[in-house]
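Here are a few exercises to work through with the model open beside you. Try each task before reading its solution.

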Amino acid sequence: MLDYKYYKCNDNHNETIVLLHGLGGNYGIFSKQIAAFKKQFHVLAINLPGHGKSPSTSNYETSFNKELVVDELLKTFDKLKIDKAHLVGISLGSVVVHHMLQRTPEKVKSAVLGGAITRFTPLATFLLLAGSAVKRFVPYMWLYKLFAYIMMPKANHAVSRKMFIREAVKMNRNDFLAWYGLAFTVKETYADVQEKGKSIPKLYISGEEDHLFVEPLLEDTKSDNRARHLVLEECGHVCNVEKPREFNAASLEFFNKHRSEHAPISSAL
């Protein structure tokens, strides 16, 4: 069972927001989102396999893949009796959200995707392949730090960059390499989201300085009539950390817009 924290809002009939972090992170990256979101919603913060106290990717009987990740999320939903939820995915967490939209859209009320990835630019593809060629021979943290500085190169990205590097040190090598391998499925994971998840409203929040991912994202999602976009100025890849006030305000407005009619709206501020 995945490691999680479940924060209950005052009304037991309220709806739930599920938080999914990126590679090397954990649910701690959502501290400012949890503080804001739990005033109006139940909040389920999950550590994905190989992160935090969740099982290692090598602890499963089958090989680690995107299907297994969604299976584990659905088991957590079932344990907590969550029939349907609003999702937040950051970076590689957005890839997990996209796969849920492909596979189990009936479990998703709406989705906010921060620093979302739909495909890799030629530069990102080259870096990914180069990393794959040497990953068995160099310490994985060398690769992680290199990618962190390439993705988040500016001074105003320093807080999110340092946070992810600090937390990634806690991963073991096998877990890092297992998730690294899933990066090659990014394009196929988004391939039919607009068809299979066509009824699900989506808000894509990106930083204008997210130079590896924002342009492909805007191009790929422009034909999705259920998708909305917010591009934050002077912001990089991990937009929920760099611009938490703007991220939280936009997310809460979006989630409240897509509540069920019977769901209560807390007046807490």
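A polar contact is a pair of N or O atoms within 3.5 Å; within protein, one must be able to donate a hydrogen and the other to accept it, and residues adjacent in sequence count only if both atoms are side-chain atoms. Helices (H or I, at least four residues) are DSSP runs numbered from the N terminus.

This is a predicted model, in which local features need pLDDT of at least 70 and side-chain atom pairs pLDDT 80 or more, while totals for chains, interfaces and linings use all residues. Residues are numbered from 1 along each chain as its sequence is written, and side-chain values use heavy atoms, with hydrogens and water left out.

**Exercise 1.** Find which residue caps the N-terminal end of H2, then check the span of this helix.

*Solution.* Start at the cap: a side-chain oxygen of Asn-65 lies 3.0 Å from the backbone nitrogen of Glu-67. Next, take the expected span as 1.5 Å times one less than the number of residues.

**Exercise 2.** Decide whether His-99 is buried or exposed, and list its partners.

*Solution.* Buried means under 20% relative accessible area, exposed over 50%, partly exposed in between (1.4 Å probe, protein chains only). At 5%, His-99 is buried; its place is in helix H3 (residues 92–103). Now collect contacts (heavy atoms within 4.5 Å). Leaving aside neighbours within four places in sequence, His-99 touches Lys-66, Glu-67, Val-70 and Thr-189. Two polar contacts complete the picture: the His-99 side chain meets that of Glu-67 at 3.1 Å and that of Gln-102 at 2.9 Å.

**Exercise 3.** Describe the largest cavity: what is its volume, and which helix gives the most to its lining?

*Solution.* On a 1 Å grid over the protein atoms alone, a cavity is a set of points where a 1.4 Å probe fits but cannot get out; lining residues have an atom within 4 Å of a point. Points are joined across faces, edges and corners, and a volume is the space filled by probe spheres set on them. The search finds 2 cavities of 30 Å³ or more, and the largest has about 410 Å³. Of its 25 lining residues, Leu-23, Ser-91, Phe-147, Met-151 and Phe-213 lie nearest the centre. H5 gives the most to this lining, with 5 residues.

Methods:
Helix = DSSP H or I, 4+ residues; strand = E, 2+ residues; numbered from the N terminus. 1 Å grid on protein atoms, 1.4 Å probe; cavity = no way out; pocket = protein on both sides within 12 Å on 5 of 7 lines; lining within 4 Å.
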